[in-house]
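User: Hi, I'm new to reading protein models. Can we walk through this one together?
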Amino acid sequence: MSLPPLVEPAAELTVDEVRRYSRHLIIPDVGMDGQKRLKNAKVLCVGAGGLGSPALMYMAAAGVGTLGIVEFDEVDESNLQRQVIHSQGDIGKSKAQSAKETVQGINPLVNVVLHEERLEAENVMDIFSQYDLIVDGTDNFATRYLVNDAAVLLNKPYVWGSIYRFDGQASVFWSEHGPCYRCLYPEPPPPGMVPSCAEGGVLGVLCASIGSIQVNEAIKLLAGIGDPLVGRLMIYDALEMQYRQVKVRKDPDCAVCGENPTVTELIDYEAFCGVVSEEAQEAAAGSTITPKQLKEWIDGDEKIEIIDVREPNEYEIVAIPGSRLIPKNEFLMGNALQDLPQDRRIVLNCKTGVRSAEVLAVLKSAGFADAVHVGGGVIGWVNQIEPEKPVY
């Protein structure tokens, strides 16, 4: 479905701009008119991480006049494998500031606006209202639903992307012309069911594959060219090198963009998505220890069994001394319970404490009443006890 241009063209292009964008100008579908529209456009990128990196860099190169960046995090060494907008010298620096410097190095004609804050229900409407188009580079469900609902309420189109290991997805959601994110995913997955990239990993170059699709869709929307991914979900399998499309229809019963919406204002998205299940929260209450407490138990020869519930490849990177690996799924399937000792207290750990809380709920229901888990997981252990070890 072809759509009208999202923005009006700027009055003119300077001589410098004509030289810079000449390869766009000689494409009939873009031309002077399309490039002027890009110059006049205001696009907000939510996140300057894996997807935000290529998106910001290519939108800057393409000549999008104003680029907004919502980002509150700092550059970490583990980011550099995929977040190509940052470099070694940026470690410890604000991601927003680092991204701005790279963008301006690519194209000093672009106006960069920073929003160095966490995107939340309290600020999203004000931030989004300043832009024509949103590019969503977030990596958690709570923010994805927040972005969607705010975009629907403000009637803003947004380009969505998602990455995990070797798989990527992309689409354009615009409730005025097609479905929204909730039409595709009415409810978030159960807490702990879908690992984040921090837990499951992502092939670095996958970010470029999906991020470039997002920029391609943004340019089409802004200039009014081609057939945007409205009502279509693009699915990419990097291992099989396959692209396929799935049609996504507008759901008349959608909670936010349907005929009788039940979500007419922003909600508590952390509560809606949940970081951990209610069972895990209940199990962890009063049964969470700190890394320092665990160190004291180890040094005091307490009768404990430390069980690491991560995956084998994570365990190879770093582990708490004396811990035994039993992946989370072994507990969820019930296979691991018979191998647990009855004469020692079970101490569970994972990367940050989310998966171990879920396993703790399983153990509590199986009768291991004194089992505990380590809040902060192996990352907390390294930070507090063995800082010379690597984190990931």
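User: Which strands does helix α10 lie across?
Analyst: This is a predicted model, so keep that in mind throughout. Helix α10 covers residues 204-223. It lies across β1, β4, β5, β6, β7 and β8. It runs at about 170° to β5.

User: What is the order of the strands in the sheet?
Analyst: The order is β3-β2-β1-β4-β5-β6-β7-β8. That is eight strands in an open sheet, and the pairing is mixed.

User: Which strands stand at the edges?
Analyst: β3 (111-115) and β8 (242-247). Each has a single partner strand, so one side of each is left without a neighbour in the sheet.

User: And how are neighbouring strands turned against each other?
Analyst: By 15° on average, with direction ignored.

User: What holds strands together in a sheet, in general?
Analyst: Strands pair through backbone hydrogen bonds, either parallel or antiparallel.

User: Take β1. Does it run parallel or antiparallel to β4?
Analyst: Parallel. Four bridges join β1 (residues 42-46) to β4 (residues 133-136). β1 also pairs with β2 in the parallel sense, over five bridges.

User: What are the bridge partners of V43, then?
Analyst: In β4, the partner of V43 is L133. In β2, the partner of V43 is L67.

User: How many residues of β2 are buried?
Analyst: Five of its five. β2 spans residues 66-70.

User: Which residues sit on which side of β2?
Analyst: T66, G68 and V70 are on one side. L67 and I69 are on the other. Both faces of β2 are covered. In a regular strand, side chains alternate between the two faces of the sheet.

User: Back to helices. At what angle do α3 and α10 cross?
Analyst: At roughly 105°. Their axes come within 9 Å, and α3 covers residues 31-40. That angle makes α3 roughly perpendicular to α10.

User: Which residues meet there?
Analyst: From α3, G34, R37 and L38. From α10, I219, L222 and A223. The residues of this contact divide into four nonpolar, one polar and one charged.

User: New topic: α13. Which of its residues are buried?
Analyst: P291, L294 and W297. The helix itself spans residues 291-299.

User: What covers the buried residues of α13?
Analyst: The cover includes β9 (288-289), β10 (304-308), β12 (345-349), β13 (372-374) and α17 (377-384).

User: Which residue with a positive phi follows α13?
Analyst: D301. Its phi is near 55°, a positive value in a residue other than glycine. D301 lies in the loop between α13 and β10.

User: Is D301 buried or exposed?
Analyst: D301 counts as exposed, because its relative accessibility is 66% and the cut-off for exposed is over 50%.

User: And what is phi for N155?
Analyst: Near 55°, and N155 is also a residue other than glycine. N155 sits in the loop between α7 (141-154) and β5. N155 is partly exposed, with a relative accessible area of 36%.

User: Where is V359?
Analyst: In helix α16, residues 354-365. V359 counts as buried, at 0% relative accessibility.

User: What is V359 in contact with?
Analyst: V309, K328, F331 and L348, leaving aside neighbours within four places in sequence.

User: How far apart are V359 and H373?
Analyst: Their C-alpha atoms are separated by 8.9 Å. Along the chain, V359 and H373 are 14 residues apart.

User: Last one: where is E386 found?
Analyst: In the segment after α17. E386 counts as buried, at 16% relative accessibility. The cut-off for buried is under 20%.

User: What does E386 touch?
Analyst: P321 and W381, not counting residues up to four places away in sequence.

Definitions and conventions:
Residues are numbered from 1 along each chain as its sequence is written. This is a predicted model: local features need pLDDT of at least 70, side-chain atom pairs count only at pLDDT 80 or more; totals for chains, interfaces and linings use all residues. Side-chain values use heavy atoms; hydrogens and water are left out. Two strands pair if DSSP finds at least two bridges between them. Helices (H or I, at least four residues) and strands (E, at least two) are DSSP runs, numbered from the N terminus. Axes are lines fitted to C-alpha atoms, for helices over the stretch in contact, and angles run from 0 to 180 degrees between N-to-C directions. Contact means heavy atoms within 4.5 Å. Buried means under 20% relative accessible area, exposed over 50%, partly exposed in between (1.4 Å probe, protein chains only). Angles under 35 degrees count as roughly parallel, over 145 as roughly antiparallel, 65 to 115 as roughly perpendicular and the rest as oblique. Ala, Val, Leu, Ile, Met, Phe, Trp, Tyr, Cys and Pro count as nonpolar, Asp, Glu, Lys and Arg as charged, and the others, Gly among them, as polar.
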